[in-house]
Amino acid sequence: IHYIMDTLMNKSGDTILDINKVIREAAELLDIKESLVHGYILALIKKEKIVAYDEKWSVYKNFDNINQQPIYGITTRKIIGLEEKVFNLILDLVSSNHSRVMFSKEKLEEYKNTNPKELDEYQLQSVLDICQNKIVVLTGGPGTGKSRTCDAINAIYEEQNYNVVLL
């Protein structure tokens, strides 16, 4: 079940998964009935190996009657831990006195002119946002250009002899 969840998260980029999709995929992979997979998922939830969400996307805390409650989404403890680490890093960055060099729209235009086919308009806007703000969260599904956008950010800063750290 964890394998299916990891696979679905990697494919979709989503960290909270539709429980019914996980059940279908796991039942097909394991060649067992969906009701068995559902039972295994409930057991993992009760053991707190998997985190369950209700229709308001709140985490279930009471497992006494979990069998009677509709579950809309699930995720793994590993993902919760990673999200907590990212959250704490962001808090540290926001509260730090660390200054960083901000680049202007003109600098971005210069980059765009020397690398005309590298980024689309959304990626260019993301680079500008990142170069003008202390913290930006860059998200997107597979193939949307996150890595290409990060490469552009690295190039702009490294061209000015700055060390780049992306979290």
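Is Ile130 buried or exposed? Ile130 is buried, with a relative accessible area of 12%; buried means under 20% relative accessible area, exposed over 50%, and partly exposed in between, using a 1.4 Å probe and protein chains only. Ile130 sits in helix α6, and we'll come back to it. Before going on, note that this is a predicted model, where local features need pLDDT of at least 70 and side-chain atom pairs count only at pLDDT 80 or more, while totals for chains, interfaces and linings use all residues. Residues are numbered from 1 along each chain as its sequence is written, and side-chain values use heavy atoms, with hydrogens and water left out.

Let's start with the overall layout. The protein has seven helices and three strands. Here helices (H or I, at least four residues) and strands (E, at least two) are DSSP runs, numbered from the N terminus. Of the 167 residues, 29% count as buried. Among contacts (heavy atoms within 4.5 Å) with a separation of 6 or more, 55% are between residues 24 or more positions apart.

Now for the strands. They form an open sheet of three, in the order β1-β3-β2, with antiparallel pairing; two strands pair if DSSP finds at least two bridges between them. β1 (17-18) and β2 (50-53) are the edge strands, each pairing on one side only. β1 is joined to β3 (residues 73-76) by two bridges, and β2 pairs with β3 over four.

Although β2 is an edge strand, both of its faces are covered. Ile50 and Ala52 on one side, and Val51 and Tyr53 on the other, are all buried.

What lies in the interior? The term to know is a nonpolar core, a set of buried Ala, Val, Leu, Ile, Met, Phe, Trp, Tyr and Cys residues joined through side-chain atoms within 4.5 Å. The largest one has 20 residues, of which Met5, Val22, Ile41, Ile45, Ile71 and Ile74 touch the most other members. The elements giving two or more residues to this core are α1, α2 (19-30), α3 (34-46) and β2. Take Ile41 as a way in: leaving aside neighbours within four places in sequence, Ile41 is in contact with Ile1, Ile19, Val22, Ile23 and Ile74. There is also a second, separate core of 13 residues, including Leu108, Leu124, Val127 and Cys131.

Leu108 brings us to helix α5 (residues 105-114), where Lys107, Leu108 and Tyr111 are buried. These three are on the same side of α5 because they cover an arc of only 100 degrees around the axis, the arc being that of the directions from the helix axis to the C-beta atoms. The face turned away from that buried side carries the exposed residues Glu106 and Asn113. The cover over the buried residues of α5 includes α6 (121-132) and α7 (146-159). And here is Ile130 again, in α6: its C-alpha atom is separated by 9.8 Å from that of Thr149, 19 residues apart along the chain.

The structure holds one salt bridge, meaning a side-chain nitrogen of Lys or Arg within 4 Å of a carboxyl oxygen of Asp or Glu. The partners are Lys78 and Asp6, at 3.6 Å from N to O. This pair links distant parts of the chain, with Lys78 in helix α4 (residues 77-95) and Asp6 in helix α1 (residues 2-12), 72 residues apart. Lys78 is exposed, with a relative accessible area of 52%, whereas Asp6 is partly exposed at 25%.

Finally, have a look at two loops. Most residues other than glycine have a negative phi. Asp31, in the loop between α2 and α3, has a positive phi near 55 degrees and is exposed, with a relative accessible area of 69%. Glu48, in the loop between α3 and β2, also has a positive phi, about 60 degrees, and at 42% relative accessibility counts as partly exposed.
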